[in-house]
Amino acid sequence: MNVTDSIETNVNGYIVRRDDSFWLKVHVVRDESSCWEWIGTLKDGYGRTAKSERAHRVSYELHHGPIPGGLFVCHRCDNRACVRPDHLFLGTNRDNVADMVAKGRQARGSQNAATKLTAADVIEVRRRYASGEAKRALARRFGVDVKAICALLDGRTWAHVTEAA
């Protein structure tokens with residue numbers, strides 16, 4: 001019997017059922033490391049099942065069991081559409097954010113949709129502050145809170161922006 005004729009197929013140690021509606025929406029690659037991408041509906045890059053469940057969470061539960069309350073299913077591969085079980089791991093929100101920061105995926109500076117400043121503004125704030133302009137005056141001029149000015153001057157935010165920017 002050809003392996004493609006079988007209802008159940010062992011792919012890298014995982015049982016994939018060809019008649020299961022979930023697996024019909026997955027592009028499974030038969031190698032040791034490639035992502036198995038959800039080819040069904042995507043929302044914000046994440047696969048969504050017909051029941052609006054996140055596909056990577058369904059995959060995790062199919063292979064590892066229930067997800068304990070309060071935990072996230074995170075991607076080692078950083079591919080939101082990936083449902084490959086060994087690319088998924090459980091973590092807290094803190095673990096997920098730490099993973100994102102460690103991999104340089106967080107929105108920084110003007111990539112953050114909530115920011116009011118640009119890189120040029122940051123350079124100008126630093127220049128004006130060095131010339132003696134008060135933090136409160138800078139905050140008013142640039143339309144931000146004094147805390148935002150303090151954070152950028154202390155290097156807690158916008159640290160990636162240099163004078164050469």
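Reader: In which helix do Glu 124 and Arg 127 both lie?

Author: This is a predicted model, in which local features need pLDDT of at least 70 and side-chain atom pairs count only at pLDDT 80 or more, while totals for chains, interfaces and linings use all residues. Residues are numbered from 1 along each chain as its sequence is written, and side-chain values use heavy atoms, with hydrogens and water left out. Helices (DSSP runs of H or I, at least four residues) and strands (runs of E, at least two) are numbered from the N terminus. Glu 124 and Arg 127 are 3 residues apart, about one turn of the helix, and both belong to α3.

Reader: What is the N to O distance in the salt bridge of Glu 124 and Arg 127?

Author: A salt bridge here is a side-chain nitrogen of Lys or Arg within 4 Å of a carboxyl oxygen of Asp or Glu. An α-helix has 3.6 residues a turn, so residues three or four places apart point the same way. The side chains of Glu 124 and Arg 127 meet in such a bridge, with an N to O distance of 2.5 Å.

Reader: Is Glu 133 buried or exposed, and what is its relative accessible area?

Author: Buried means under 20% relative accessible area, exposed over 50%, and partly exposed in between (1.4 Å probe, protein chains only). Arg 128, a salt-bridge partner of Glu 133 at 3.1 Å between the closest N and O atoms, counts as partly exposed at 22%. Glu 133 itself is buried, with a relative accessible area of 19%.

Reader: Which residues do salt bridges that share partners join into one network?

Author: Glu 133 bridges to Arg 128 and also to Arg 141, at 3.1 Å from N to O. The bridges that share partners form one network of Glu 124, Arg 127, Arg 128, Glu 133 and Arg 141.

Reader: How many salt bridges does a search of the whole structure find?

Author: The network described above includes Glu 124 and Arg 141. For the whole structure, the search gives a total of 7.

Reader: How many residues make up the largest nonpolar core?

Author: A nonpolar core is a set of buried Ala, Val, Leu, Ile, Met, Phe, Trp, Tyr and Cys residues joined through side-chain atoms within 4.5 Å. The largest one includes Leu 117, Phe 142, Trp 158 and Val 161. Helices α3 (119-130), α4 (135-142) and α5 (146-154) each supply at least two of its residues.

Reader: Why do the buried residues of α5 lie on the same side, and what arc do they cover?

Author: The buried residues of α5 are Ile 149, Ala 151 and Leu 152. The arc is that of the directions from the helix axis to the C-beta atoms. These residues are on the same side of α5 because they cover an arc of only 165° around the axis.

Reader: Which exposed residues does the face of α5 turned away from its buried side carry?

Author: The cover over the buried residues of α5 includes α3 and α4. The face turned away from that buried side carries Lys 147 and Asp 154.

Reader: At the start of α5, which residue's side-chain oxygen reaches the backbone nitrogen of Lys 147?

Author: Just after α5, Gly 155 takes a positive phi of about 85°. At the start of the helix, the backbone nitrogen of Lys 147 has a side-chain oxygen within 2.9 Å, and that oxygen belongs to Asp 145.

Reader: What covers the buried residues of α1?

Author: Helix α1 spans residues 55-64, and its buried residues are Ala 55, His 56, Val 58, Ser 59 and Tyr 60. Gly 65 follows α1 with a positive phi, near 100°. The cover of the buried residues includes β4 (37-38), β6 (46-48), β7 and β8.

Reader: Which residues does His 87 touch, not counting residues up to four places away in sequence?

Author: His 87 lies in the loop between β7 (72-75) and β8 (88-91). With a relative accessible area of 10%, His 87 is buried. Taking contact as heavy atoms within 4.5 Å, His 87 touches Ser 33, Ser 34, Cys 35, Cys 74, His 75, Arg 76, Cys 77 and Cys 82.

Technical notes. A polar contact is a pair of N or O atoms within 3.5 Å; within protein, one must be able to donate a hydrogen and the other to accept it, and residues adjacent in sequence count only if both atoms are side-chain atoms.
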